Every structure is written in C-alpha cells, then in structure tokens.
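User: I am new to this structure and would like to learn how to read a few of its features. Can we go through them one by one?

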Amino acid sequence: MKYLTAAASVALAAPLVAASQLVWPSKWDELEDLMTMQSGYDTRGFSDAVVTCSFGNNEQGRQNTAEWIRTGFHDMITHNAAAGTGGLDASIFWELDRAENPGAAFTNTFSFFSGFYNTRASASDLVALGVSVATGACGGPKVPFRAGRIDAGKAGPPGVPEPHTNLEKTLDAFVTAGFDNKDMVAMVACGHAIGGVHSVDFPDITGIHAEVGNDTTLPFQNDVSTFHNGVVTEFLNGKTKNPLVVAKNDTLNSDKRIFNSDRATMKKLATRTNFNSMCGDIFARMVDTVPKSVQLTDVIDPYDVKPYISELSLDSKGDLHFSGFIRMRATHGTGRNQDDLAVTLLYADRNGKGQVEVPTKRAQLQSGLTGGLNGELFVSFEFDTTIKGATGISKFLVKEITPSTKATRIHDNQKTGGYKVNDKVLYQLSTSCNQVGNSASSTITINAMVRSDCAGDNPLTLKLTQKKARKGTDVPALVVQSTAFKKTGKAPKGWVAYQVKANTDDQFARFDIALGGKNPTAVEFQSVGALPETCAKQ
Ligand code: HEM
Ligand SMILES: *[C@@H]1O[C@H](CO)[C@@H](O)[C@H](O)[C@H]1NC(C)=O
Ligand SMILES: *[C@@H]1O[C@H](CO)[C@@H](O)[C@H](O)[C@H]1NC(C)=O
C-alpha cells in the first residue's frame, strides 16, 4: 500500500517522448496491467519482488532491483547495430553457462517473471518492464515502457564486457551496440547506482573468500537503498568504495577506467537533476535496443479509462450476465478527484442501437484503489447487470460524473465510437471448471454458447497455450494445443451450447475460445487459474 499513500504527493514528470494510450481491447492490455496494477485493488503483483528497493527475498547479499537491471544490460549489450541483430531479446536466458554472465541474478530474475510470462508478455518485454519497475521501486527516474519485443529462442553471440576487459574492447562493445563513449559512462554509472559485487562471484575483486551460503555484497556506493548519484559524487571526490574502482588488482577496475575515460560526463552526472534525466534516458535507450525485425509500440501510457470484463455469459433464462469494472486514472495532476467521482455505462444493443444506462459502484475491496508505477493512482467502479438475450450488446460508452458539480463527460475509447463487446461467443465461466486431481495434471471443462445466427457448422475450437520446459534455458516454450468443442444440445432459444475437455499440467495456462468460419471471432486470453475448482452438474 505504500504506493497508494505516496501517490498523492508525487508530481508526474513531463514525458520525455511521445506516448499514447492504447485502444481497448489491445493485445498489450496485459503488459499495461503489469505496469499499472502494482498494489491495492486487483493487484497483479509484478512488483512484489521489488516492494522495497533493497528487498532480496531475505537472502544474504541479494537485491532484486539490481538483478533485474543487470539482466537488462547483459541481454542488450551484445546487440549489433549495423547488422540489426541481438539486443533485448531474452537471449541472455540461453547464455548462462558463459563466464561473462556469472552470478544468480539472471536465473533469479526469470524465476520471478515466469508466472507472468505468456503469449501476451514475452520474456524480453518482461525484462524491459522489469528495468522500469525496478528503477521506479528505488525512487529513480521514469523509464518509459514500450512493448513488442520478440524472444530470440536461442543464444546470441558472446561479448559482454568483463571487469578485466580493457577500455578499448569495452568501448568497442558499446559502439557496436549503438552507443558512444558518453553513453557508456552514463549507462555504467546509472547501472551501478544500486547493487554491488558479490563475494561468491568475484572473490578476487571483493577480496573475500568465496563461500557457498555466505554471500557478501560490496555495494557500488555507500547507500544502495535508493537510486541516486552517490556512485558518481563519491568517485569524483575520491571517497568511493566501489569495488570496481578500488580492487587491489587494477586490471579488474573496470568502473575506474570507464569513469576516467570521460570525466566531463561524470561531472554532468554529479547533479541530482542531471543524474535522473540522463539515467531515465539511457535506460530507455538500453531497453529499446532490439533486433531490426522488431517493431516496438509507442510508449505505453496508462489508460485514462480502462474496462475489465469479468463475465459476459448466458443465464438460465437466456439473458446475458455482464459484469466487470471500470478503472479510472486518478493520479495527481489528472484533475480527477477519486472522492468526487461516479461512473455509469451506456450500452448499445447488438445492432448498435439504443443507450441503456448501467450503474456502477465504487469497489469496496482496498477502497477500489490501485497504485502503479511512478506514483500512478487508479480507482475502480464495479458493474453487474443483466442484458436482454434477444437484443444483446455491441459496445458501450463510459459516462464520468463529478457529483459536486454535476458535470459529466463521455469516454468513447479514444474517439473510436465506444468500447466494443461481442456477444457472438460467450464463455460460461461459472459452469466451467478445473478439476485438479492427485497428480500435477488437471482436467479443464470449458462451456461456451454461440449465438444461433453465428453457429451453423462453424468450428468452435479451444486453443490452450501451455508452458513446456526446454533444454538450455529457464524460459519454457509456449505450445498451443487445439481441441474441438462439441455441441451439447442443451441451450436456451437463440443459442447453441458447446463443451470441451482438455488436460493441462500448467496452472498458469491461458486459452482462447475461437469460432471459425467466414467471420471468425474469439474470446481470448482466459486463464485456467480463474476457473472454479468444482464442476457444476450439467
Ligand atoms: C563494462 C561494463 C560493465 C562491467 C564490466 C560490469 C561489471 C559488473 C560486475 C563485475 C558486477 C558484479 C556482479 C556479481 O557480483 O554477480 C556488476 C554488477 C551489476 N551491474 Fe555491472 N558492469 C558493467 C556495466 C553495467 C551496466 C551498463 C549496467 C546497467 C545499466 C550494470 C548493472 C549492474 C547492476 C545493477 C549490478 C548489481 C547486481 C547485484 O547487485 O546483484 N552494469 N557489474
Ligand atoms: C561470512 O563471510 C564474512 C566475510 O568474509 C565473515 O566475516 C563471516 O564470518 C562469514 N560468516 C559465516 C557464518 O561464515
Ligand atoms: C589481475 O587480474 C588479471 C585478470 O583476471 C589476472 O590475469 C592477473 O594475474 C591478476 N594479477 C594479480 C597480481 O593477481
């Protein structure tokens, strides 16, 4: 909850680059959620491992924020700008047997990301988001997040500079990756604002005998509990204890060589303001260094208004049960007051006609408040209504009301005419189930309804995406398994009922319910974890 109380006093920094909101629904909604839903109502928990900057799962010597940032650098630095190969592509997770990638940082990082890794969140996008989130958790600058990275699926070329690598070869690696001497100094100084050198990985640098189970980390600056410029000022005033500056064996003093290669840049970095702006900028360039085949999105800004549909299903009377919530951005500076706010929905029928008003209620859990990255604050309003099955729904608008002034404002999904909802295929969540047996594997039963005018002989398919472990990396493959639904014959008038069963041993698996034919449509990205664990009698 610390983000929630902090939010009110945090002024949003002006964005450095053009940013945009997504149009809902978007395939990037999942990553937007991981970025925004960090604490409070409907939290996604992506930042749980970095709840404080110093947190390291209570393991001696470990700092998760530092590990996430280091992972971003080691993955990126083998980019070849001229050839357009490598960069932030998760190839690091295939390269952990190399001497240039020592330590537990990379395995630790992915083991936390693995629960979030799926078809909507590549391992490489998670690494990039991790850099933004870790920097934010340490009170550092905003690192704008773009999505769209594609995982390499195999190792790339080696070339991460090591402490003993000479300056010329080190600079060469940065230049090959698209950075100059100034960039190198800034990236290393910013990267070494938190964390340190571990005795278990570098006994010769730390001067501490490597002993399993007794890891001592010598920090890069006096206080690595927040992201700040001490690493620079301590160096310039000759008081640094940075182990990569003061190691007995001077060959291993890479930070000393790098920092001295451009003292003018170090002097610039010595003010708080410059340090923050230069670090935000160089970290953004670091994570946006990708193979040329990858097209990144614009910087993703949190939605001003984001709908979440929990259920659109058919009830026993043949009407539609429509429930979910609307998340309103109430961050300081948006002009929106979370205590003077009301929301309703205005939906149109299947043919786009009419405007039926649906009330919402502010969520009670956690006061409906969610805290996000960089002091973002959101407040959510829940709805739960019945829609006539005969006329259905095609879209809705969100009406925002300020009760004190009675002012109203209509939100139409970035001028696209509204938030589209499709009632051709309905996922019957409450009668579907996941029966966990006594083995790791379970059987899922999915019930769905298709509108009679859309069903015909069109195939309805369950596309279940499961993780499969593979050799050489901690990042599992995502394997799609298709199973045909069968008609059950039991449905209210106007609808056709379907059911499918499938086995899974991945409780994080996701699935789509896809209708084929001339006008294909699908209910996408549903989660096995959200299924009821007992099966209702059919
Ligand atoms: C020539 C460039 C660099 C060299 C030779 C270098 C070297 C090192 C070494 C030897 C460690 C200790 C690792 C361990 O004990 O397991 C370390 C840690 C770290 N490095 Fe670098 N580094 C370089 C550049 C960077 C850059 C550009 C970043 C990020 C932008 C970065 C981020 C980090 C972080 C956050 C840690 C702390 C990890 C922890 O505490 O677990 N490094 N680096
Ligand atoms: C762990 O290592 C430190 C640094 O060398 C040493 O002072 C300490 O006694 C060690 N602790 C244990 C339990 O061995
Ligand atoms: C210093 O480190 C380098 C690189 O690891 C090594 O080759 C050299 O032998 C070391 N020198 C001493 C005196 O230990």
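Predicted model: local features only at pLDDT ≥ 70, side-chain atom pairs only at ≥ 80, totals over all residues.

User: What describes two packed helices?

Analyst: The angle between their axes and the distance between the axes describe such a pair. Here, helix α3 (residues 64–76) packs with helix α5 (residues 123–137) at an angle of about 140 degrees, and the axes are 8 Å apart. Angles over 145 degrees would count as roughly antiparallel, so α3 is oblique to α5. Their crossing is left-handed.

User: Which residues of α3 and α5 meet?

Analyst: From α3 come Thr65, Trp68, Ile69, Thr71 and Gly72. They meet residues of α5, including Val127, Gly130, Val131 and Ala134. By kind, the contact of α3 with α5 has seven nonpolar residues, five polar and no charged.

User: Which protein donor does the iron atom of ligand 1 have?

Analyst: The iron atom has a single donor from the protein, NE2 of His192, at 2.1 Å. Histidine 192 lies in the loop between α7 (181–191) and β3 (196–198).

User: In what order do the four strands of the open sheet run?

Analyst: The order is β20-β19-β23-β24, with antiparallel pairing. At the edges are β20 (477–484) and β24 (521–527), each of which pairs on one side only. From one strand to the next, the twist averages 20 degrees.

User: How many bridges join β23 and β24?

Analyst: Five bridges link β23 (residues 510–515) with β24, in the antiparallel sense. Isoleucine 513 stands opposite valine 523 of β24.

Definitions and conventions. Residues numbered from 1 in each chain as written. Chains lettered and ligands numbered in written order. Heavy atoms only, no water. Axes fitted to C-alpha atoms, helices over the stretch in contact; angles between N-to-C directions. Helix = DSSP H or I, 4+ residues; strand = E, 2+ residues; numbered from the N terminus. Parallel < 35°, antiparallel > 145°, perpendicular 65-115°, else oblique. Left-handed = near helix turned anticlockwise from the far one by under 90°. Contact = heavy atoms within 4.5 Å. Nonpolar A, V, L, I, M, F, W, Y, C, P; charged D, E, K, R; others polar. Donors = N, O, S within 2.8 Å, 3.2 Å for Na, K, Ca; no water. Pairing = 2+ DSSP bridges.
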